[in-house]
Amino acid sequence: RHMFWILGLWPAVLAAEAFEPMTGDQISEALTDRTLIYEDGAVQDFRASGRTLYNAGRDSWGYWAVRGDQYCSQWPPSDGWACYDLVRNGAVLRFVADDGSFTDGVYQQ
């Protein structure tokens with residue numbers, strides 16, 4: 001029930017102001033030791049150690065880092081890193097891929 005309340009707020013939040021690009025320092029501050037909930041209900045925990053735990057029904061452990069002004073992640077068994085621009089609109093953090101696709105998350109309360 002709480003999840004539906006959060007999801008219900010997103011359209012109003014997104015209409016309120018434009019997304020602002022984030023710097024590397026802002027990305028580190030926004031994610032380190034924080035947990036995000038995505039629109040589909042998946043949850044991701046960003047540990048200070050550089051480990052990240054993503055759960056969309058089952059646990060998936062990976063790694064995260066800030067490189068320049070981008071968020072980057074690596075998910076074993078792949079050894080490749082994928083990097084994304086991060087932009088913010090109030091409580092919403094948006095991960096933007098090179099192709100323009102994006103995923104929005106809000107902090108878990």
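Reader: How many disulfides does the count come to here?
Author: In this predicted model the count comes to one disulfide, and it joins Cys-72 to Cys-83 with an S to S distance of 2.0 Å.

Reader: What is the handedness of that disulfide?
Author: The torsion about the S-S bond of Cys-72 and Cys-83 is about 110°, so the disulfide is right-handed.

Reader: And which parts does the pair tie together?
Author: Cys-72 belongs to strand E6, residues 70-74, while Cys-83 belongs to strand E7, residues 82-89, so the bond ties together parts that lie 11 residues apart in sequence.

Reader: Is Cys-72 buried or exposed? And what about Cys-83?
Author: Cys-72 counts as buried, because its relative accessibility is 0%, whereas Cys-83, with a relative accessible area of 24%, is partly exposed.

Reader: Staying with the loop between E6 and E7, where is Pro-77, and what kind of peptide bond joins Pro-76 and Pro-77?
Author: Pro-77 is found in that loop between E6 and E7, and the peptide bond that joins Pro-76 and Pro-77 is cis, with omega at about 10°. As background, most peptide bonds are trans, and most residues other than glycine have a negative phi.

Reader: Which residue has a positive phi although it is not a glycine?
Author: Asp-33 has a positive phi, of about 60°, although it is not a glycine. Its place is in the loop between H2 and E2, and Asp-33 is exposed, since its relative accessible area is 55%.

Reader: Switching to the inside, how many residues has the largest nonpolar core?
Author: The largest nonpolar core has 14 residues, and those with the most contacts inside it are Leu-31, Leu-36, Phe-46, Tyr-71, Leu-93 and Phe-95. The elements that give two or more residues to this core are helix H2 (24-31), strand E2 (34-38) and strand E8 (92-96), and the largest share, three residues, comes from H2. In soluble globular proteins, nonpolar side chains tend to be buried together.

Reader: What is Phe-46 in contact with, leaving aside its neighbours within four places in sequence?
Author: With those neighbours left aside, the residues in contact with Phe-46 include Leu-31, Leu-36, Tyr-38, Trp-64, Tyr-71 and Phe-95, and also Asp-33 and Arg-34.

Reader: Asp-45, then: which strand is it in, and is it buried or exposed?
Author: Asp-45 is found in strand E3, residues 43-46, and it counts as buried, because its relative accessibility is 17%, which is under the 20% cut-off. Beyond four places in sequence, Asp-45 is in contact with Arg-34, Thr-35, Arg-51, Thr-52 and Leu-53.

Reader: Zooming out, how many helices and strands does the protein have?
Author: The protein has two helices and nine strands, and from the N terminus on its elements run α-β-α-β-β-β-β-β-β-β-β. Of its 109 residues, 34% are buried, and among contacts between residues at least 6 apart in sequence, 40% join residues at least 24 apart.

Notes: Residues numbered from 1 in each chain as written. Predicted model: local features only at pLDDT ≥ 70, side-chain atom pairs only at ≥ 80, totals over all residues. Heavy atoms only, no water. Disulfide = S-S within 2.5 Å. Helix = DSSP H or I, 4+ residues; strand = E, 2+ residues; numbered from the N terminus. Buried < 20%, exposed > 50% of the residue type's maximum accessible area, 1.4 Å probe, protein only. Contact = heavy atoms within 4.5 Å. Core = buried A, V, L, I, M, F, W, Y, C linked by side-chain atoms within 4.5 Å.
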